[in-house]
Structure formats: C-alpha cells, structure tokens
Amino acid sequence: MSRPEGIQLMEGNHACAWGAIDAGARFFAGYPITPSSEIAEVCARELPAYGGIFIQMEDEIGSIAAIIGASLSGKKSFTATSGPGFSLMQENLGVGIYQEVPCVIVDIQRVGPATGLATQPAQADVMQARWGTHGDHSIIALSPATVQEMYYLTIRAFNLSERFRTPVIILGDQVIGQTYENIKLPDPSSLDIIERIKPFVSPEDYFPYQPDKNGVPPMAAYGDRHIVHASSTCHDETGYSNFKTQTNRALLTRLKDKIYNYTDEIVDVEHFGPDHAEVTLISYGASSRVCKYVVGEAEKEGIRVNLLRLISIWPFPDRIVREALGKTGAVVVAEMNQGQLIGEVNRVNATNTPVYLASGIDGALIDPDIIMAAIREALK
Amino acid sequence: MKNNWQVVLAGEGGQGLILAGRILSEAAIIDGNNVSLTSSYGIAARGGYSEAQVVISEQELYYPKCVSPDLILALTREAYNRYIDFVNNDCLVIYDSKEIANPMGRNELGYDFKEALLTLGNLKVINSLFLGIILKNREIVSRESMISALKKNMPPKILDINLEAFNYGMEM
Amino acid sequence: MAVNLGYKEYFKSDALPLMWCAGCGNGIILRAITEALSDLHIPPHQVVISTGIGCWGKADDYMKTHAFHGSHGRALAFGTGIKLGNPDLHVIALMGDGDALAIGGNHFIHAARRNIDITAIISNNFNYGMTGGQYSPTTPLSSSTTTSPAGVAEPGFDVCALSETCGANYVARTTAYHVTQLKRFITAALLKQGFSMVEVINTCPTHFGRRNIPGDTVSMMKYLKDITVSKAGYEKLDEADKEKYLVTGELVNRERPDYLSVYREMNPGGPETDRGEGH
C-alpha cells in the first residue's frame with residue numbers, strides 16, 4: 001500500500017494514521033485495543049517506508065512511555081488506544097506534560113467503565129482527558145466529527161503539541177474511528193506543519209527548561225550536543241531536581257500559562273444553523289453531527305435551533321460558550337455520557353440560561369429523538 | 001434519478017456484508033456522491049449478527065446511520081426480525097427465502113441465495129450475488145461504478161467468479 | 001578534547017555530596033559506570049541515562065550526560081522509545097530491585113525478550129530503601145523488613161536467571177564490593193549489542209542491613225563478599241551449599257540479533273531511516 005490518492009472511501013482510524021504520517025510522525029508505540037487497532041495496523045504497514053518505526057509494546061503504560069522517549073530523541077511520536085488503555089496511560093501522560101514532551105494520544109472512546117462495550121461508542125472519557133492524571137496540569141484535547149476532520153485534526157494535534165511542547169489528546173469515538181466516508185488527502189506539500197523550536201544558543205549556554213518569551217523552552221534532542229535533562233521530579237530550568245517551593249510554584253505556573261494564555265490560539269469551534277435561535281445545541285465529536293441533522297429536523301417542525309460545535313474541547317472555550325449562552329433561550333448539551341461537558345457549560349453560565357442534557361448512553365450513536373426530546377423539554 | 005439512499009445489509013459474520021458495504025459505497029463515490037458506511041459487529045472474531053449501513057447523499061452527510069431505510073437486505077431471520085416492524089412501506093426488503101419461510105408479505109422479495117450459489121459453484125461469492133440483486137431492483141449506483149468498485153476490492157484470483165455472481169444476481 | 005577529564009566528564013561533581021546514606025554502594029556503581037564510559041570514549045552527548053524511581057533512581061541528578069527520570073518501573077519502556085528514536089544513542093537504564101522487577105517487571109521481561117539494545121544496571125539492595133525498607137521481589141525468603149516483621153513469606157527472584165530466560169544477550173552479577181569486576185562487566189555490557197543486564201548486589205545499611213545483617217557498614221561490605229561465589233567456585237560446591245550463595249560473573253554472553261536489526265531487516269526504510277537528530 002502507498003498513500004491513497006484522489007477521493008477515497010476511508011475509515012476514521014485510517015484517516016488518523018495518515019494525518020499523523022503527513023504531520024511528520026515517525027514513531028508509533030501501541031497496544032491492540034478495540035476500536036482503535038486499525039491506527040496501529042496502518043502504522044505497522046506504512047511507517048517503515050517513511051523511515052519510521054512501529055512497535056507493539058507490552059501494555060499501554062509502556063506505549064505512552066515509549067512515545068515520550070522517542071519524542072525526546074527527536075521523533076514526532078504518537079499512540080492510539082481506547083478507554084481501558086487510556087486509563088493506563090494516565091500515569092505517564094503526567095510525565096509528558098511535566099517534562100513538556102510533544103506527542104499525540106488518540107483515544108477512540110468506547111462504552112465504559114471497565115471493559116464496558118468494546119465495539120460500541122461513548123464520549124465518556126472527556127473529563128478523564130482533562131483531569132485523569134494526578135496533580136495540577138493543563139491539557140489540549142480535540143474532538144473530530146467526520147473522517148475528513150479526523151485527518152486534519154490529527155495534523156493539528158501534532159502542530160499544537162510541537163508549538164506548545166505538550167501532549168495533545170484526540171478524543172475520537174467508535175463512530176468516527178470506524179465509520180467509512182469519502183475523503184481526499186491533500187498534497188502533503190500544501191500542509192502547514194509546525195516543528196519544535198530548536199535551541200538558538202550554544203550547548204554551553206543551553207538550559208533545557210529555560211522558556212522562550214511565550215513560556216515554551218526551545219527543545220534539543222537526545223544525541224544533540226545540547227544536553228537534555230528531562231525529569232519527572234520538580235526541576236528548575238537546568239532540568240535537574242530542585243525541591244524549593246518557589247521552583248515548584250514557578251514551574252506549575254509556567255506550565256499552565258504557556259497554554260491558558262494562548263487559549264484563543266487553540267480554541268476551534270463551528271457555528272451551525274441560524275444566528276439566533278430558541279434553543280442552542282452544544283456538542284462535539286460524533287454527537288455534534290447528529291445535532292446538525294436535528295437542526296434541520298427541528299426546522300421542519302418550525303423550531304429555530306442552532307449548534308455550537310466544539311472542535312477543540314480543552315482548554316474549554318469559556319468566552320465563546322458564555323456568549324452563546326447569553327444570546328439564546330435555552331441550551332441543550334448533547335453528549336454520549338451521563339453529563340460531563342455540561343458541567344463546564346454550567347460553570348461559565350453567567351446569564352442563568354436554562355441548560356438541558358441530551359444524554360446518549362445506549363452504546364450507539366446518540367439517537368436524534370433524544371436530542372429532540374431535550375429541545376422540547378427546553379421549550380416547555 | 002434518486003440520489004439519496006439508505007441501505008442496510010444485515011446478516012451474520014462471514015457473509016461479506018461489510019465488504020459489500022464498502023463496494024457499494026465506493027461505487028457511490030465514483031458516481032460523485034457523499035457516503036457514510038457504518039457497521040455493527042460483536043466482539044467475536046467470527047460469526048454473530050453483523051450489519052453494514054450505507055447512507056448515500058448528494059449533500060453533506062450529517063447523520064451517518066439509516067433513519068428510514070430505502071432498502072434492507074436480510075440474510076438471516078434475526079436480521080429480518082430486527083427491521084421488519086420498523087420499515088415504512090416504501091422500503092424494499094430483500095430476504096433469503098430459505099432463512100425466512102413465512103415473510104410478512106410487505107414490500108419484499110425473497111431469493112433463494114443458496115441455490116444461486118450452488119449454480120455458480122461457489123458459496124463464497126454471496127456478497128457479489130446480492131449486490132447484483134440489489135442493483136437489479138434499485139438503481140442505487142450505476143452498473144459501471146459497481147463493476148469498477150468490485151474490480152478494486154476483489155483479489156484478481158477471485159474477480160472473475162465475483163463478476164459472474166454479480167451479473168447472475170442482476171438477472172435473477 | 002584537550003584535557004581528558006576521565007569519569008568527571010560524565011559525573012556532575014558540583015552536585016556532591018551524594019544524597020545516598022553513608023555505606024550505600026550506589027556511589028560505587030555510579031563511579032564504575034562513569035569510568036566505563038570514559039574508558040570507552042563514548043561522548044556524553046551520545047549517552048542517555050534513564051532512571052526509575054527509588055534511591056538508585058536519583059542517579060541521573062549526578063550525571064552530565066543526557067538523562068531521563070520518569071515514572072516508577074518504566075525506565076526500560078521510556079528507554080525503548082529513546083533508543084528507537086535515535087539508535088545511535090547508548091541508553092543505560094538504572095533501576096532498583098523493586099523498580100525493575102515489581103512495578104516494572106512487565107517492561108523488564110519484554111525488553112529482554114525483544115533484545116533491545118539497552119544496558120540495564122540493577123542496584124539490588126533487597127528492599128525498598130527510599131520508602132522505608134519494605135520487602136521487594138528480591139528480598140530473600142524469611143528476611144525481616146518493615147512490611148514483613150515476621151519474615152518475608154515469598155521467595156525472591158533470581159534476576160539473572162530471569163534475564164537469561166527472557167532472552168538477554170549479556171547477563172552478569174557482581175556486587176558493590178567487587179569494584180574491578182563491576183567496571184569490567186559494565187564495560188562489556190555497554191559494548192554488547194542487544195539487551196544487557198548487570199545485577200549489582202548492593203548494601204542498604206539503613207534498612208535491610210540494619211534488620212538482617214549484624215554489625216556496622218564494614219560488616220555489610222563483608223556480607224556482600226560472604227554471600228557471593230564465583231562461577232568456578234560455585235560448581236565445586238555441594239548441592240546443599242549452593243543455595244546459600246549467589247553466583248557472580250558473566251552468566252550469559254551471546255550474540256542474538258537485537259530488536260532493531262531484526263525489525264529493519266523485515267521493514268527496510270528509506271534513506272532517512274534511523275538517523276538521529278545529532279548528525
């Protein structure tokens with residue numbers, strides 16, 4: 001197989017793998033798990049021709065560890081998993097955040113907790129993506145809604161991870177991962193690909209965790225003459241252990257600020273439907289495409305509904321959601337869980353706008369009737 | 001010509017339903033349409049209920065599943081029972097007459113797949129056979145596009161027998 | 001390089017004094033590693049020290065080479081990515097007995113099975129020192145620790161036998177007392193392509209030693225000498241006596257192809273294949 005040209009029928013997991021390869025990913029470490037395994041299979045087949053390496057690790061703890069290691073050696077790296085594996089990855093996700101290692105973690109969500117329903121979709125890892133690893137931290141997470149978007153968001157995930165020197169999560173789900181749609185891969189040379197900033201000082205003057213003015217330290221690779229000391233212990237700009245309270249405060253503050261001060265650069269949303277509506281749907285991923293369908297169905301019934309689709313989820317787009325809440329009669333949050341992102345919507349609800357949940361927990365793509373019922377409830 | 005279609009291919013694992021869904025989808029793409037192909041499957045690697053849903057549209061596709069199917073292929077009793085009470089009268093149900101002995105008598109057509117496959121001398125070409133039967137009854141995609149998609153997806157060694165099965169289905 | 005700094009080219013002298021307890025052998029092992037690197041003329045920027053968590057996991061803070069200090073038990077998993085990300089690197093994983101064999105046991109057996117080109121140096125002091133002297137997977141049966149006041153009810157691992165079974169190319173055991181042998185084995189391990197493992201039986205005067213070995217720090221060093229026997233000496237022992245001793249020496253030295261060599265033979269890449277960023 002070689003890179004598919006022209007308009008193709010492709011499943012979301014394959015589009016993810018090709019997005020990664022086109023973004024410059026040259027190392028994949030993973031552990032097989034439904035419904036994400038096709039990403040690993042494409043990487044196993046395709047990466048060698050790009051000079052890359054695929055390795056199947058002993059578990060998901062080792063998988064994320066290996067991609068962190070390979071990224072520090074200079075290779076754009078990623079892994080893919082689903083809920084049970086994502087749980088195992090939480091430990092070293094924190095290491096990646098703390099050591100500021102660019103890498104991408106793809107979570108093709110399925111029904112949980114525990115083994116749940118391995119072949120069926122959910123969107124119930126949303127808060128785990130935000131808070132799953134211990135300790136204060138920031139995270140970037142993106143949520144694709146179509147196969148074509150899976151491709152582009154995977155590229156964006158790599159770009160953001162390199163730009164901010166941090167792990168980026170793609171919150172897919174079984175529907176997006178395993179649905180086949182028509183897709184066209186662009187000419188790779190037409191893509192904007194971001195590479196990590198390399199040191200611009202001599203090796204003697206290099207401190208691996210001395211930040212640039214945007215809070216992100218230029219990054220040497222293992223093997224460079226610029227020596228890298230990457231530590232999961234509290235560290236100063238040298239990278240070596242430092243146990244002073246002010247060092248801890250400065251590090252945690254910088255790690256937060258380097259992302260949250262640039263929230264507007266990260267946030268990506270789509271407004272769909274009429275500008276003004278009686279009810280605004282807020283949704284993401286597979287649920288949001290059902291919402292688009294519902295917008296049309298509601299219109300047939302004479303109900304004006306629009307949609308705010310969150311393409312990026314973390315950091316949460318506080319300002320945009322607050323504005324949406326302020327100019328609608330009611331909000332319905334549609335998600336395939338028992339209510340996760342709705343908590344964030346309520347958090348920024350400065351106008352006390354009524355907020356309702358359309359909860360899809362049937363182990364299937366959320367039914368349009370569930371969303372319509374929530375809309376009718378909101379209109380009562 | 002109608003360009004929006006919702007097709008359900010239902011049966012059990014091993015009947016090539018997902019592959020048939022791919023071939024139908026690729027044919028629709030060749031015709032210039034948007035396509036969404038989803039599949040349901042269990043955790044077993046072989047057997048069990050299996051289905052593919054193909055939604056074809058000229059417009060951007062939002063809901064990737066079949067809301068009101070235009071055509072259902074039911075190769076097992078379970079597949080037939082799952083849908084027969086829910087489809088509207090415009091929906092054509094094509095079923096395996098050996099599997100479903102007492103059909104509901106709606107807008108439906110029974111075919112003896114087993115006999116056709118024995119005539120063809122190959123039990124593994126069932127998906128090409130039913131794609132032919134589907135296309136004979138509903139012009140979902142053009143015949144040329146379907147043949148192109150078959151050629152793309154079938155290994156050269158078994159392409160001829162699959163094309164034969166497809167053409168046979170078109171005549172049944 | 002104008003001046004040969006010897007081991008100090010690798011050792012961060014300004015970080016002294018070492019954080020380890022008086023009488024702990026970790027400093028001896030660190031000296032042997034840095035001297036071996038110096039003798040082999042491996043430039044510091046071509047070395048990555050990957051450490052786990054625990055007393056021995058603090059070793060990276062004394063190194064001037066590239067270093068990675070990650071999570072408990074994962075040094076080899078991180079190291080696998082580091083090595084495959086830039087195969088020119090010498091990756092050395094420093095792990096304690098609990099780190100490598102309890103929480104990291106899965107990564108350990110699979111790194112050895114893959115025969116990935118990493119050198120693992122296990123400082124085995126028979127207990128978890130940093131957390132207060134709890135029993136580990138190598139604590140000898142019936143020893144007293146803070147979590148086995150009545151004696152450990154589990155037999156300990158033979159790390160070398162485990163490594164050999166899993167597929168390591170080089171396996172050696174020595175102690176913090178046998179300083180010359182220690183440096184020799186580490187040098188051989190660094191030169192070996194494939195997975196190499198040196199187990200260093202170490203002292204823990206603060207915990208395991210205090211509870212199980214009568215006497216002072218010096219008697220603890222003597223203990224390392226007393227419980228070990230060379231391969232040749234071991235063969236001469238009666239079967240009943242063999243159980244009382246740990247064999248030291250090069251126990252495995254073979255030439256199975258390492259992981260990346262096999263992978264590349266099966267998956268030939270393009271011209272950019274496996275080039276490190278340092279070129």
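## Chains and contacts

Chain B and chain C share no contact, and their closest C-alpha atoms lie 24 Å apart. Here, two residues are in contact if their C-beta atoms, placed from the backbone, lie within 7 Å. Two pairs of chains do touch, and chains A and C have the most contacts.

This is a predicted model: local features need pLDDT of at least 70, side-chain atom pairs count only at pLDDT 80 or more, and totals for chains, interfaces and linings use all residues. Residues are numbered from 1 along each chain as its sequence is written, while chains are lettered from A and ligands numbered from 1 in the order in which they are written.

## Where chain B meets chain A

Chain B brings 17 residues to this contact and chain A brings 16. On the chain B side, α1 (17–30) and β2 (34–40) of chain B each give two or more residues. Helices (H or I, at least four residues) and strands (E, at least two) are DSSP runs, numbered from the N terminus. β2(B) gives the most, with six residues. The chain B side has eight nonpolar, six polar and three charged residues. Ala, Val, Leu, Ile, Met, Phe, Trp, Tyr, Cys and Pro count as nonpolar, Asp, Glu, Lys and Arg as charged, and the others, Gly among them, as polar.

Strand β9 (residues 180–184) of chain A pairs with β2(B) in the antiparallel sense, over two bridges. Strands pair if DSSP finds at least two bridges between them. A:E181 stands opposite B:S36.

## Two domains in chain A

Chain A is assigned domain 1 (7–190) and domain 2 (269–379). These bounds come from an automatic or database domain assignment. The domain centres, taken over C-alpha atoms, are 26 Å apart. Domain 1 gives 24 residues to their contact, and domain 2 gives 21. α5(A) gives the most to the domain 1 side, with four residues. That side has 17 nonpolar, five polar and two charged residues.

## A five-strand sheet

An open sheet in chain A runs β11-β13-β12-β15-β16, with mixed pairing. β11 (269–272) and β16 (355–359) of chain A stand at the edges with a single partner each, so one side of each has no neighbour in the sheet. The twist averages 20 degrees from one strand to the next. Axes are lines fitted to C-alpha atoms, for helices over the stretch in contact, and angles run from 0 to 180 degrees between N-to-C directions.

β11(A) pairs with β13 (residues 305–310) of chain A in the antiparallel sense, over four bridges. A:H271 stands opposite A:L308 in β13(A). Helix α10 (residues 285–300) of chain A packs on the sheet, at about 170 degrees to β13(A).
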